[in-house]
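I wanted to look up how it is put together, one part at a time.

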Amino acid sequence: MLQGLYHPNTVDEAIALLAQDPQARPMAGGASLVAMLNAGVIEPAALVSLASIEEIKGISVMPDGRIRIGAFTRHRETAEYALPLGAAAAVRQAASLIANVTVRNMGTIGGAIAFADPGLDYPPALVASGAEVEIASPFARRVVPAREFFVDWYLTALEPGELVVAVVLPRPGEGAQGVYIKHARVAGDYATASVAACRLGDGSVSVAVGACGPIPIANDAANTLLSADRSGAAITEAGALLERQADPLDDVRGSAEYRRQLIPRLLLRAIRSLEATEGEKP
Amino acid sequence: MMSAKRQVTLTVNGSQSQVPAALHDTLLTVLRDQMQLTAAKRGCNQGVCGACTVVVDDRTVRACLSLAQNCEHASISTLEGLIEQAPMLALQRAFAHNGAFQCGFCTPGMLISANALLQQNPSPDAGAIRAALSGNLCRCTGYTKIVTAVQEAAAALHAKVVTP
């Protein structure tokens with residue numbers, strides 16, 4: 001059994017430590033994990049800090065043009081990324097709307113999506129833009145589409161002992177763009193509901209709804225519809241398809257019924273906002 | 001869980017000290033209970049209220065969400081250590097002049113966040129100030145006087161009327 005705080009320098013070292021002791025917990029920015037320690041929700045005897053692993057820090061353009069956000073990249077860095085992101089501009093916008101300046105200085109993209117709070121801003125933006133999640137396991141690395149990464153309430157495709165290593169965004173295609181629309185009670189709160197809308201490199205439209213169920217809601221029929229037709233009637237129909245898939249909570253941020261009503265309205269705003277970016281640089 | 005404490009070397013306000021900290025002890029706990037640096041306040045202990053905001057390696061962080069053992073190689077500044085800097089002096093005067101507090105519990109966190117804003121953006125408009133302070137909750141003022149105070153501090157710094 002491990003005891004105390006560990007500072008591995010590589011992903012492989014971190015994976016080996018976690019394999020030694022299944023009770024040890026990996027820690028990225030700490031924004032969620034330390035809050036849970038303070039609340040007494042978890043009491044791990046050992047923590048494996050990922051803060052010294054250089055290979056999972058920062059944002060880089062891959063040789064094939066895709067963009068890799070290391071798991072230990074703070075929300076602030078993603079929000080301030082200055083190069084074109086194409087459809088994944090929605091991911092940058094989502095990062096800029098997380099909590100507040102101070103929490104964006106602390107939280108990381110890998111920590112956030114591994115925690116997979118359904119109210120998070122990243123998941124719908126990652127799903128709509130066609131991002132992938134790179135995962136390290138004791139034996140190999142694997143890549144999972146964002147749409148398959150989020151599985152259920154606070155549950156992801158991560159197996160015990162695995163770590164998120166990076167989020168990989170698609171190559172920013174010509175004309176590709178993305179927007180993220182968040183509805184929250186006050187600035188910095190978790191979303192009551194949110195919608196990400198992207199125009200992908202092939203010109204098709206892809207949307208996803210956040211905070212209205214255990215995982216982001218995406219629907220192929222809705223995407224096909226919106227790719228061909230962005231009239232009010234088409235948006236209403238696509239909104240109804242997405243709403244039918246919703247499984248929202250009744251909570252302090254809004255009733256389930258209120259969230260259902262938000263879906264088509266936020267979708268309309270997202271699609272109109274996406275149209276307004278046409279002709280802009282990705 | 002009561003895990004064993006170990007000696008942790010922290011660099012706070014420019015000076016190094018050794019303090020005992022258990023694995024789950026936060027930077028806030030150590031600053032307040034071991035080092036008697038009580039400007040940072042324990043409000044929610046969940047990262048929501050902003051009363052514990054301090055500066056670590058030139059960025060504002062929540063001291064309640066930072067583990068003390070994880071801060072060993074960092075440079076930590078609390079309000080006590082920032083007090084002689086020009087923006088902070090201007091902010092203190094402007095907060096006092098405008099009555100930008102009642103109970104004062106949120107004020108240290110507000111000052112740290114406002115100071116970080118003025119270092120990055122010397123002429124923020126009201127919207128930028130509200131955005132920068134959106135992670136600091138105040139239950140007394142209604143925020144208007146705080147926004148006014150930050151604007152007044154920015155103006156004073158421009159006019160160079162602040163001297164230590």
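This is a predicted model: local features need pLDDT of at least 70, side-chain atom pairs count only at pLDDT 80 or more; totals for chains, interfaces and linings use all residues.

**Entry 1: chain B overall.** I counted elements in chain B and found 6 helices and 5 strands. I then read them along the sequence, and the pattern is β-β-α-β-β-β-α-α-α-α-α. Along the principal axes, the C-alpha atoms of chain B fill a box of roughly 50 × 30 × 20 Å.

I looked up burial too. Of the 164 residues in chain B, 46% count as buried. For contacts in chain B between residues at least 6 apart in sequence, I found that 59% join residues at least 24 apart.

**Entry 2: the two domains of chain B.** Where do the domains of chain B run? Domain 1 covers 6-81 and domain 2 covers 83-158. Their centres, taken over C-alpha atoms, are 22 Å apart. I followed the contact between them: 14 residues of domain 1 of chain B meet 12 residues of domain 2 of chain B. On the domain 1 side, β3 (53-56) and α2 (79-82) of chain B each give two or more residues. The largest share of that side is from β3(B), with 3 residues. By class, the domain 1 side has 8 nonpolar, 4 polar and 2 charged residues.

**Entry 3: helix α1 of chain B.** I picked out α1, residues 27-34 of chain B. Which residues of α1(B) are buried? They are B:Leu27, B:Leu28, B:Thr29, B:Val30 and B:Leu31. I asked what covers them, and β2 (15-21) of chain B is included in the cover. After α1(B) comes B:Gln36, with a positive phi near 55 degrees.

**Entry 4: where chain B touches chain A.** How many residues does each chain bring to the contact? Chain B brings 25 residues and chain A brings 23 residues. On the chain B side, β4 (59-62) and α5 (126-132) each supply at least two residues. β4(B) gives the most to that side, with 4 residues. I sorted the chain B side by class and got 8 nonpolar, 15 polar and 2 charged residues.

**Entry 5: a sheet in chain A.** I turned to chain A and looked at an open sheet of 3 strands. Its order is β11-β12-β13, and the pairing is antiparallel. Why is one side of β11 (177-183) and of β13 (205-210) of chain A left without a neighbour in the sheet? Both strands stand at the edges, each with a single partner strand, so one side of each has no neighbour there. From one strand to the next, the twist averages 10 degrees.

I then checked one pair in detail. β11(A) and β12 (residues 193-199) of chain A pair in the antiparallel sense over 7 bridges. A:Gly178 has A:Cys198 of β12(A) as its bridge partner. Last, I looked at what lies across this sheet. Helix α11 (residues 256-276) of chain A lies across β11, β12 and β13 of chain A. Helix α11 of chain A runs at about 30 degrees to β12(A).

Key: Residues are numbered from 1 along each chain as its sequence is written. Chains are lettered from A and ligands numbered from 1 in the order in which they are written. Two residues are in contact if their C-beta atoms, placed from the backbone, lie within 7 Å. Ala, Val, Leu, Ile, Met, Phe, Trp, Tyr, Cys and Pro count as nonpolar, Asp, Glu, Lys and Arg as charged, and the others, Gly among them, as polar. A residue is buried if 20 or more other C-beta atoms lie within 10 Å of its own, exposed if 12 or fewer, and partly exposed in between; C-beta atoms are placed from the backbone. Domain bounds come from an automatic or database domain assignment. Two strands pair if DSSP finds at least two bridges between them. Axes are lines fitted to C-alpha atoms, for helices over the stretch in contact, and angles run from 0 to 180 degrees between N-to-C directions.
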